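Welcome to this short briefing. Take a look at the sequence and the structure first, and then we can walk through the main features together.

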Amino acid sequence: MPSNDERWLDAEAGPVVRPYALTQGRTRHAGEAFDLVATVTTTGGRVADPGALAPEHISVLQLARVPTTVVDIASDVDLPLGVVRILLADLRELGLVAIQAPVPAQTRQIDRNTLREVLHGLRAL
Amino acid sequence: MAYGHYDAAGMAGRRHRAIKILLAGGFGVGKTTLVGAVSEIKPLRTEEPLTERGARTDNIAGVERKTTTTVAMDFGRITLREDLVLYLFGTPGQERFWFMWDELALGALGAIVLADTRRLADCFPAIDYFERRDIPFIIALNCFAGARRYAADDVRVALDLDRGLPIVMCDARSKESAKEVLITLVEHVLSVADEPLSSSGI
(Lines give C-alpha, C1' and ligand atoms only; values in the text may rest on other atoms or scores of the structure.)
Protein backbone atom coordinates (compact mmCIF):
# COMPACT_ATOMS: atom_id res chain seq x y z
CA MET A 1 0.00 0.00 0.00
CA PRO A 2 1.52 3.33 -0.99
CA SER A 3 2.14 5.81 1.78
CA ASN A 4 0.44 9.19 1.63
CA ASP A 5 3.75 10.79 0.72
CA GLU A 6 4.17 8.70 -2.39
CA ARG A 7 0.73 9.60 -3.60
CA TRP A 8 1.53 13.28 -3.68
CA LEU A 9 5.01 13.09 -5.10
CA ASP A 10 3.74 12.70 -8.63
CA ALA A 11 5.20 15.42 -10.87
CA GLU A 12 1.79 16.02 -12.43
CA ALA A 13 0.21 16.67 -9.08
CA GLY A 14 1.77 20.12 -8.71
CA PRO A 15 -1.30 22.32 -8.32
CA VAL A 16 -3.06 19.75 -6.19
CA VAL A 17 -0.60 19.57 -3.39
CA ARG A 18 -1.44 22.92 -1.91
CA PRO A 19 -5.19 22.61 -1.64
CA TYR A 20 -4.95 19.10 -0.23
CA ALA A 21 -2.28 20.16 2.23
CA LEU A 22 -5.18 21.92 3.95
CA THR A 23 -6.83 18.60 4.44
CA GLN A 24 -3.65 16.80 5.54
CA GLY A 25 -3.75 14.89 2.31
CA ARG A 26 -7.21 13.48 2.83
CA THR A 27 -9.26 13.19 -0.33
CA ARG A 28 -12.34 11.64 1.19
CA HIS A 29 -14.38 12.97 4.03
CA ALA A 30 -15.85 11.22 7.03
CA GLY A 31 -19.53 10.76 7.71
CA GLU A 32 -22.61 10.89 5.55
CA ALA A 33 -22.24 12.17 1.98
CA PHE A 34 -23.79 15.50 1.10
CA ASP A 35 -25.03 17.05 -2.09
CA LEU A 36 -23.36 19.90 -3.95
CA VAL A 37 -26.37 22.07 -3.28
CA ALA A 38 -26.95 20.93 0.29
CA THR A 39 -27.39 23.89 2.59
CA VAL A 40 -24.77 24.55 5.23
CA THR A 41 -25.57 26.55 8.34
CA THR A 42 -23.53 27.25 11.42
CA THR A 43 -24.96 25.77 14.58
CA GLY A 44 -23.62 28.42 16.91
CA GLY A 45 -21.63 25.70 18.69
CA ARG A 46 -18.18 26.37 20.07
CA VAL A 47 -15.04 24.46 19.42
CA ALA A 48 -13.10 23.18 22.41
CA ASP A 49 -9.75 23.43 20.68
CA PRO A 50 -9.58 26.38 18.26
CA GLY A 51 -6.15 25.18 17.20
CA ALA A 52 -7.84 22.29 15.41
CA LEU A 53 -9.22 24.72 12.86
CA ALA A 54 -7.33 26.00 9.82
CA PRO A 55 -7.93 29.55 8.58
CA GLU A 56 -9.94 27.99 5.74
CA HIS A 57 -12.25 26.34 8.27
CA ILE A 58 -12.87 29.77 9.72
CA SER A 59 -13.59 31.24 6.27
CA VAL A 60 -16.11 28.49 5.64
CA LEU A 61 -17.76 29.10 9.02
CA GLN A 62 -18.08 32.80 8.30
CA LEU A 63 -19.84 32.14 5.00
CA ALA A 64 -22.20 29.64 6.61
CA ARG A 65 -23.52 32.12 9.17
CA VAL A 66 -26.42 32.45 6.78
CA PRO A 67 -27.63 29.27 5.05
CA THR A 68 -25.25 28.76 2.12
CA THR A 69 -24.88 25.91 -0.33
CA VAL A 70 -21.79 23.74 -0.59
CA VAL A 71 -21.04 25.01 -4.12
CA ASP A 72 -21.42 28.65 -3.15
CA ILE A 73 -18.97 28.11 -0.32
CA ALA A 74 -16.49 26.40 -2.66
CA SER A 75 -16.82 29.24 -5.13
CA ASP A 76 -16.51 32.00 -2.52
CA VAL A 77 -13.49 30.56 -0.72
CA ASP A 78 -12.01 29.66 -4.12
CA LEU A 79 -11.00 26.14 -3.22
CA PRO A 80 -11.78 22.99 -5.18
CA LEU A 81 -15.05 21.29 -4.28
CA GLY A 82 -13.37 18.18 -2.92
CA VAL A 83 -11.29 20.21 -0.50
CA VAL A 84 -14.30 22.19 0.68
CA ARG A 85 -16.24 19.02 1.30
CA ILE A 86 -13.52 17.72 3.57
CA LEU A 87 -13.40 21.01 5.47
CA LEU A 88 -17.20 20.91 5.83
CA ALA A 89 -17.16 17.33 7.07
CA ASP A 90 -14.57 18.35 9.69
CA LEU A 91 -16.81 21.19 10.84
CA ARG A 92 -19.79 18.88 10.96
CA GLU A 93 -17.89 16.38 13.09
CA LEU A 94 -17.05 19.18 15.49
CA GLY A 95 -20.73 20.10 15.63
CA LEU A 96 -20.10 23.56 14.18
CA VAL A 97 -22.25 23.25 11.06
CA ALA A 98 -25.43 21.47 10.06
CA ILE A 99 -25.75 20.26 6.48
CA GLN A 100 -29.26 19.90 5.13
CA ALA A 101 -30.09 17.89 1.99
CA PRO A 102 -31.64 19.94 -0.83
CA VAL A 103 -34.59 17.63 -1.41
CA PRO A 104 -35.98 15.09 1.02
CA ALA A 105 -33.80 12.02 0.60
CA GLN A 106 -36.77 9.69 0.35
CA THR A 107 -38.39 11.44 -2.61
CA ARG A 108 -35.37 12.68 -4.55
CA GLN A 109 -37.73 14.73 -6.63
CA ILE A 110 -38.69 18.33 -6.72
CA ASP A 111 -42.33 18.86 -5.80
CA ARG A 112 -44.76 20.46 -8.20
CA ASN A 113 -45.26 23.58 -6.14
CA THR A 114 -41.56 24.29 -6.20
CA LEU A 115 -41.49 23.69 -9.96
CA ARG A 116 -44.28 26.22 -10.41
CA GLU A 117 -42.45 28.71 -8.25
CA VAL A 118 -39.34 28.22 -10.38
CA LEU A 119 -41.36 28.77 -13.54
CA HIS A 120 -42.90 31.92 -12.13
CA GLY A 121 -39.51 33.19 -10.99
CA LEU A 122 -37.92 32.57 -14.39
CA ARG A 123 -40.70 34.38 -16.23
CA ALA A 124 -40.21 37.37 -13.95
CA LEU A 125 -36.46 37.58 -14.59
CA MET B 1 -28.16 20.92 18.91
CA ALA B 2 -28.74 23.19 16.00
CA TYR B 3 -31.37 25.62 17.03
CA GLY B 4 -31.32 29.33 17.15
CA HIS B 5 -29.22 29.91 14.06
CA TYR B 6 -32.15 30.34 11.70
CA ASP B 7 -33.65 32.89 14.04
CA ALA B 8 -30.33 34.63 14.28
CA ALA B 9 -30.27 34.91 10.51
CA GLY B 10 -33.84 36.15 10.44
CA MET B 11 -35.01 33.11 8.51
CA ALA B 12 -37.16 31.34 11.04
CA GLY B 13 -39.20 28.54 9.53
CA ARG B 14 -38.01 29.16 5.99
CA ARG B 15 -36.35 26.49 4.01
CA HIS B 16 -33.61 27.51 1.66
CA ARG B 17 -34.21 25.71 -1.62
CA ALA B 18 -31.38 25.14 -4.05
CA ILE B 19 -32.18 23.58 -7.40
CA LYS B 20 -29.75 22.03 -9.86
CA ILE B 21 -30.08 22.25 -13.62
CA LEU B 22 -27.54 20.53 -15.82
CA LEU B 23 -26.28 21.93 -19.08
CA ALA B 24 -24.63 19.32 -21.25
CA GLY B 25 -23.18 19.42 -24.73
CA GLY B 26 -20.00 19.04 -26.70
CA PHE B 27 -16.96 21.24 -26.48
CA GLY B 28 -17.41 24.74 -27.91
CA VAL B 29 -21.17 24.46 -28.24
CA GLY B 30 -21.83 27.57 -26.14
CA LYS B 31 -22.40 26.26 -22.60
CA THR B 32 -20.28 28.95 -20.98
CA THR B 33 -22.01 31.62 -23.07
CA LEU B 34 -25.48 30.43 -22.12
CA VAL B 35 -24.66 30.23 -18.42
CA GLY B 36 -23.24 33.76 -18.59
CA ALA B 37 -26.25 35.13 -20.48
CA VAL B 38 -28.80 34.18 -17.86
CA SER B 39 -27.01 33.84 -14.56
CA GLU B 40 -24.43 35.23 -12.26
CA ILE B 41 -21.26 33.36 -13.20
CA LYS B 42 -19.20 32.10 -10.33
CA PRO B 43 -15.80 30.43 -10.37
CA LEU B 44 -15.91 26.79 -9.39
CA ARG B 45 -13.12 24.28 -9.39
CA THR B 46 -13.45 20.59 -9.04
CA GLU B 47 -11.12 17.66 -9.18
CA GLU B 48 -10.59 15.32 -12.03
CA PRO B 49 -8.93 11.98 -11.53
CA LEU B 50 -5.63 11.94 -13.36
CA THR B 51 -5.62 8.91 -15.55
CA GLU B 52 -3.43 8.27 -18.52
CA ARG B 53 -4.88 10.55 -21.11
CA GLY B 54 -5.51 8.91 -24.42
CA ALA B 55 -4.79 5.45 -23.13
CA ARG B 56 -8.03 3.67 -22.49
CA THR B 57 -8.15 1.60 -19.35
CA ASP B 58 -10.52 -1.28 -19.63
CA ASN B 59 -11.34 -1.63 -16.02
CA ILE B 60 -10.32 0.77 -13.31
CA ALA B 61 -12.66 -0.57 -10.67
CA GLY B 62 -10.86 -1.14 -7.42
CA VAL B 63 -7.72 0.60 -8.60
CA GLU B 64 -6.66 3.41 -6.32
CA ARG B 65 -6.58 6.73 -8.15
CA LYS B 66 -3.09 8.07 -8.33
CA THR B 67 -3.99 11.67 -7.93
CA THR B 68 -6.28 14.35 -9.22
CA THR B 69 -5.95 17.66 -10.94
CA THR B 70 -8.29 20.60 -10.64
CA VAL B 71 -10.49 21.78 -13.48
CA ALA B 72 -12.77 24.77 -13.81
CA MET B 73 -16.47 24.12 -14.30
CA ASP B 74 -19.17 26.30 -15.80
CA PHE B 75 -21.27 27.29 -12.85
CA GLY B 76 -23.96 29.92 -12.64
CA ARG B 77 -26.45 31.02 -10.04
CA ILE B 78 -29.88 32.55 -10.54
CA THR B 79 -31.53 33.92 -7.44
CA LEU B 80 -35.26 33.66 -8.07
CA ARG B 81 -36.15 34.58 -4.52
CA GLU B 82 -34.24 34.91 -1.32
CA ASP B 83 -35.03 31.29 -0.48
CA LEU B 84 -35.17 29.84 -4.00
CA VAL B 85 -32.00 29.63 -6.05
CA LEU B 86 -31.25 27.88 -9.33
CA TYR B 87 -27.79 26.53 -9.98
CA LEU B 88 -26.63 25.85 -13.51
CA PHE B 89 -23.85 23.35 -13.95
CA GLY B 90 -22.16 23.06 -17.30
CA THR B 91 -21.11 19.45 -17.58
CA PRO B 92 -18.15 18.87 -19.85
CA GLY B 93 -18.95 16.57 -22.72
CA GLN B 94 -15.82 14.47 -22.62
CA GLU B 95 -16.18 11.05 -21.12
CA ARG B 96 -13.40 11.61 -18.65
CA PHE B 97 -15.61 14.10 -16.81
CA TRP B 98 -18.56 11.83 -16.39
CA PHE B 99 -17.67 10.92 -12.85
CA MET B 100 -19.09 14.36 -12.00
CA TRP B 101 -22.39 13.79 -13.73
CA ASP B 102 -23.82 11.11 -11.47
CA GLU B 103 -23.54 13.34 -8.50
CA LEU B 104 -24.82 16.41 -10.29
CA ALA B 105 -27.75 14.48 -11.72
CA LEU B 106 -28.95 13.24 -8.35
CA GLY B 107 -31.99 15.29 -7.39
CA ALA B 108 -31.54 17.65 -10.34
CA LEU B 109 -34.60 19.32 -11.81
CA GLY B 110 -33.54 18.30 -15.28
CA ALA B 111 -31.05 18.90 -18.05
CA ILE B 112 -30.55 20.99 -21.14
CA VAL B 113 -28.62 19.41 -23.97
CA LEU B 114 -27.11 22.23 -25.96
CA ALA B 115 -26.44 21.19 -29.54
CA ASP B 116 -24.77 22.64 -32.59
CA THR B 117 -26.51 21.54 -35.81
CA ARG B 118 -23.11 21.28 -37.53
CA ARG B 119 -22.01 18.67 -34.99
CA LEU B 120 -25.18 16.99 -33.83
CA ALA B 121 -23.45 13.72 -33.03
CA ASP B 122 -21.58 15.46 -30.20
CA CYS B 123 -24.69 15.38 -28.07
CA PHE B 124 -25.49 11.67 -28.50
CA PRO B 125 -23.65 10.64 -25.33
CA ALA B 126 -25.48 13.24 -23.23
CA ILE B 127 -28.88 12.21 -24.59
CA ASP B 128 -28.07 8.59 -23.95
CA TYR B 129 -26.97 9.40 -20.42
CA PHE B 130 -30.15 11.26 -19.48
CA GLU B 131 -32.46 8.75 -21.16
CA ARG B 132 -30.90 5.85 -19.30
CA ARG B 133 -31.30 7.58 -15.98
CA ASP B 134 -34.79 8.94 -16.59
CA ILE B 135 -33.64 12.50 -16.11
CA PRO B 136 -35.98 14.88 -17.93
CA PHE B 137 -34.19 16.93 -20.57
CA ILE B 138 -34.77 19.13 -23.57
CA ILE B 139 -32.66 19.94 -26.61
CA ALA B 140 -31.59 23.53 -27.23
CA LEU B 141 -30.11 24.20 -30.65
CA ASN B 142 -27.64 27.01 -30.49
CA CYS B 143 -28.14 28.88 -33.74
CA PHE B 144 -24.65 29.94 -34.68
CA ALA B 145 -24.32 32.58 -37.35
CA GLY B 146 -23.61 30.89 -40.66
CA ALA B 147 -24.88 27.52 -39.56
CA ARG B 148 -27.69 26.08 -41.59
CA ARG B 149 -31.03 26.24 -39.85
CA TYR B 150 -32.71 22.94 -39.46
CA ALA B 151 -36.32 22.31 -38.71
CA ALA B 152 -36.85 20.93 -35.23
CA ASP B 153 -38.42 17.84 -36.80
CA ASP B 154 -35.30 17.08 -38.84
CA VAL B 155 -33.24 17.27 -35.69
CA ARG B 156 -35.73 15.05 -33.89
CA VAL B 157 -35.33 12.41 -36.54
CA ALA B 158 -31.54 12.76 -36.60
CA LEU B 159 -31.35 12.35 -32.84
CA ASP B 160 -34.07 9.71 -32.69
CA LEU B 161 -36.05 11.55 -30.04
CA ASP B 162 -39.58 11.07 -28.74
CA ARG B 163 -42.20 13.35 -30.16
CA GLY B 164 -42.95 14.83 -26.77
CA LEU B 165 -39.42 15.96 -26.17
CA PRO B 166 -39.06 19.72 -26.68
CA ILE B 167 -36.49 21.04 -29.12
CA VAL B 168 -35.95 24.79 -28.99
CA MET B 169 -33.84 27.10 -31.10
CA CYS B 170 -31.78 29.51 -29.07
CA ASP B 171 -29.13 32.16 -29.18
CA ALA B 172 -26.90 31.33 -26.23
CA ARG B 173 -25.70 34.95 -26.08
CA SER B 174 -29.15 36.34 -25.41
CA LYS B 175 -30.58 36.52 -21.92
CA GLU B 176 -34.16 36.30 -23.18
CA SER B 177 -33.34 33.30 -25.30
CA ALA B 178 -31.50 31.52 -22.48
CA LYS B 179 -34.45 32.28 -20.21
CA GLU B 180 -36.83 30.70 -22.72
CA VAL B 181 -34.67 27.57 -22.75
CA LEU B 182 -34.90 27.29 -18.96
CA ILE B 183 -38.65 27.93 -19.01
CA THR B 184 -39.12 25.24 -21.65
CA LEU B 185 -37.24 22.77 -19.47
CA VAL B 186 -39.31 23.50 -16.36
CA GLU B 187 -42.56 23.29 -18.35
CA HIS B 188 -41.40 19.97 -19.76
CA VAL B 189 -40.58 18.64 -16.29
CA LEU B 190 -44.04 19.68 -15.09
CA SER B 191 -45.71 17.95 -18.04
CA VAL B 192 -43.67 14.77 -17.56
CA ALA B 193 -44.65 14.77 -13.89
CA ASP B 194 -48.31 14.74 -15.01
CA GLU B 195 -47.91 11.54 -17.00
CA PRO B 196 -48.65 8.22 -15.40
CA LEU B 197 -45.42 6.38 -14.67
CA SER B 198 -46.18 3.46 -17.00
CA SER B 199 -46.19 5.65 -20.11
CA SER B 200 -42.62 6.81 -19.75
CA GLY B 201 -40.17 5.85 -22.42
CA ILE B 202 -42.58 4.29 -24.87
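Two strands count as paired if DSSP finds at least two bridges between them. With that in mind, Thr39(A) stands opposite Gln100(A) in β3(A). Please keep in mind that this is a predicted model.

**The sheet of chain A**

- Three strands of chain A form an open sheet in the order β2-β1-β3, and their pairing is antiparallel.
- At the edges are β2 and β3 (97-100) of chain A, each of which pairs on one side only.
- Four bridges link β1(A) with β3(A) in the antiparallel sense.
- Helix α5(A) packs on this sheet, where it touches β1 and β3 of chain A. The direction of α5(A) makes about 115° with that of β3(A).

- Helix α4 of chain A spans residues 70-77, and six of its eight residues are buried, so it is largely enclosed by the rest of the structure.
- Which residues of α4(A) are buried? They are Val70(A), Val71(A), Asp72(A), Ile73(A), Ala74(A) and Ser75(A).
- The cover over these buried residues draws on both chains: it includes β1 (39-42), α3 (55-63), β2 (68-69) and α5 of chain A, together with β5 (74-81) and β6 (84-91) of chain B.

- Ile58(A) belongs to helix α3 of chain A. It has 12 C-beta neighbours inside 10 Å and therefore counts as exposed, since the cut-off for exposed is 12 or fewer.
- Ile58(A) and Leu91(A) are 33 residues apart along the chain, and their C-alpha atoms are separated by 9.5 Å.

**Chain B in outline**

- Chain B holds six helices and nine strands.
- Of the 202 residues in chain B, 35% are buried.
- Taking the contacts in chain B between residues at least 6 apart in sequence, 75% join residues at least 24 apart.

**The sheet of chain B**

- Seven strands of chain B form an open sheet with mixed pairing, in the order β2-β5-β6-β1-β7-β8-β9.
- The edges are taken by β2 (40-41) and β9 (167-170) of chain B; each has a single partner strand, so one side of each is left without a neighbour in the sheet.
- Strands β7 (residues 110-115) and β8 (residues 137-142) of chain B run parallel and are joined by five bridges. Within β8(B), Leu141(B) is the residue opposite Ala115(B).
- Helix α6 (residues 175-194) of chain B lies across β1 (17-24), β7, β8 and β9 of chain B, and it runs at about 170° to β9(B).

**Two helices of chain B that pack together**

- Helix α2 (residues 31-38) of chain B packs with α6(B) at an angle of about 100°, and their axes are 8 Å apart. That angle makes α2(B) roughly perpendicular to α6(B).
- On the α2(B) side, the contact is made by Leu34(B), Ala37(B) and Val38(B); on the α6(B) side, by Lys175(B), Ala178(B), Lys179(B) and Leu182(B).
- Sorted by class, this contact of α2(B) with α6(B) has five nonpolar, no polar and two charged residues.

**The largest nonpolar core**

- The largest nonpolar core has 74 residues, and Ile21(B) and Ile112(B) are those with the most contacts inside it.
- Helix α5 (residues 81-93) of chain A gives this core its largest share, eight residues.
- What does Ile21(B) touch, leaving out residues up to four places away in sequence? Its contacts are Leu86(B), Tyr87(B), Leu88(B), Ala108(B), Leu109(B), Gly110(B), Ile112(B), Leu182(B) and Leu185(B).

**Positive phi values in two loops of chain B**

- Most residues other than glycine have a negative phi.
- Asp134(B) is not a glycine, yet its phi is positive, near 55°. Asp134(B) sits in the loop between α4 (124-132) and β8 of chain B, and with 9 C-beta neighbours inside 10 Å it counts as exposed.
- Asp160(B), also not a glycine, has a positive phi of about 55°. The loop between α5 (152-159) and β9 of chain B holds Asp160(B), which counts as exposed with 8 C-beta neighbours inside 10 Å.

Key. Residues are numbered from 1 along each chain as its sequence is written. Chains are lettered from A and ligands numbered from 1 in the order in which they are written. This is a predicted model: local features need pLDDT of at least 70, side-chain atom pairs count only at pLDDT 80 or more; totals for chains, interfaces and linings use all residues. A nonpolar core is a set of buried Ala, Val, Leu, Ile, Met, Phe, Trp, Tyr and Cys residues joined through C-beta atoms within 7 Å. A residue is buried if 20 or more other C-beta atoms lie within 10 Å of its own, exposed if 12 or fewer, and partly exposed in between; C-beta atoms are placed from the backbone. Two residues are in contact if their C-beta atoms, placed from the backbone, lie within 7 Å. Axes are lines fitted to C-alpha atoms, for helices over the stretch in contact, and angles run from 0 to 180 degrees between N-to-C directions. Angles under 35 degrees count as roughly parallel, over 145 as roughly antiparallel, 65 to 115 as roughly perpendicular and the rest as oblique. Ala, Val, Leu, Ile, Met, Phe, Trp, Tyr, Cys and Pro count as nonpolar, Asp, Glu, Lys and Arg as charged, and the others, Gly among them, as polar.
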